[in-house]
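Let's take a friendly tour of one protein model.

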Amino acid sequence: MRNIGDVVMYGTDGLCRINDIVERNFGGSMALYYMLELVYRRGSVIYVPVGNEKLEGKMHTLISKAECLELINSIKSETQIWIDSENERKIRYREILAGEDRHELVRMIKTLHEHRRTQECCGKKMHMTDQKILKDAERIFYDEIAHNLEILPGEVHQYILNAIAES
């Protein structure tokens, strides 16, 4: 069981703080719920039923500050994970978004950035599904980095660029 005050990643919604564990009547019966507030989008609240394995499974423990720094330092050497089949790519990338493997998340972000660059060089645009997945992936990763490094999410991109340039 999680505790009030814990900070978790919740699916693709982003970084959340457990503000309370409350009893609520959703769907006709009283039950206990974790009351999650999105850290970087104040006022947004998510209720997760205590004991619901599927929904609780979307709550991921944050990686440490050291792991964040290691991930940032590994970006240059990470290999891409492009999948030619649009449907297979969408399925695999959504699995990565829902999972806890931050190396895979970083690889996917790097892959989608490279793909966007390639498309732009050819005068084309990136597919909307890929754009949405990239946006969600960056929000998840940037929220976690911002929290661990105690910077604003809007500062993370430049922080990463600077770190890559120095390595």
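## The pocket and its helices

Helices H4 (102-121), H5 (128-149) and H6 (153-166) each put at least two residues into the lining of the largest pocket. Helix H4 is the top contributor, with six. Helices here are DSSP runs (H or I, at least four residues) and strands are E runs of at least two, numbered from the N terminus.

This is a predicted model: local features need pLDDT of at least 70 and side-chain atom pairs 80 or more, while totals for chains, interfaces and linings use all residues. Residues are numbered from 1 along each chain as its sequence is written, and side-chain values use heavy atoms, leaving out hydrogens and water.

## What lines it

In total, 14 residues line the largest pocket, and Ile-75, Lys-110, His-113, Ile-160 and Ile-164 lie nearest its centre. Sorted by class, the lining has eight nonpolar, two polar and four charged residues. Nonpolar covers Ala, Val, Leu, Ile, Met, Phe, Trp, Tyr, Cys and Pro; charged covers Asp, Glu, Lys and Arg; the others, Gly among them, are polar.

## A look at Glu-37

Now for a residue in strand E3 (residues 30-38): Glu-37. Is Glu-37 buried or exposed? Glu-37 counts as buried because its relative accessibility is 17%, and buried means under 20% relative accessible area (exposed is over 50%, partly exposed in between; 1.4 Å probe, protein chains only).

Beyond its neighbours within four places in sequence, Glu-37 is in contact (heavy atoms within 4.5 Å) with several residues, including Leu-15, Arg-17 and Gly-43. A polar atom of the Glu-37 side chain lies 3.3 Å from the backbone nitrogen of Gly-43.

How values were computed:
1 Å grid on protein atoms, 1.4 Å probe; cavity = no way out; pocket = protein on both sides within 12 Å on 5 of 7 lines; lining within 4 Å. Polar contact = N/O pair within 3.5 Å; in protein donor to acceptor, adjacent residues only side chain to side chain.
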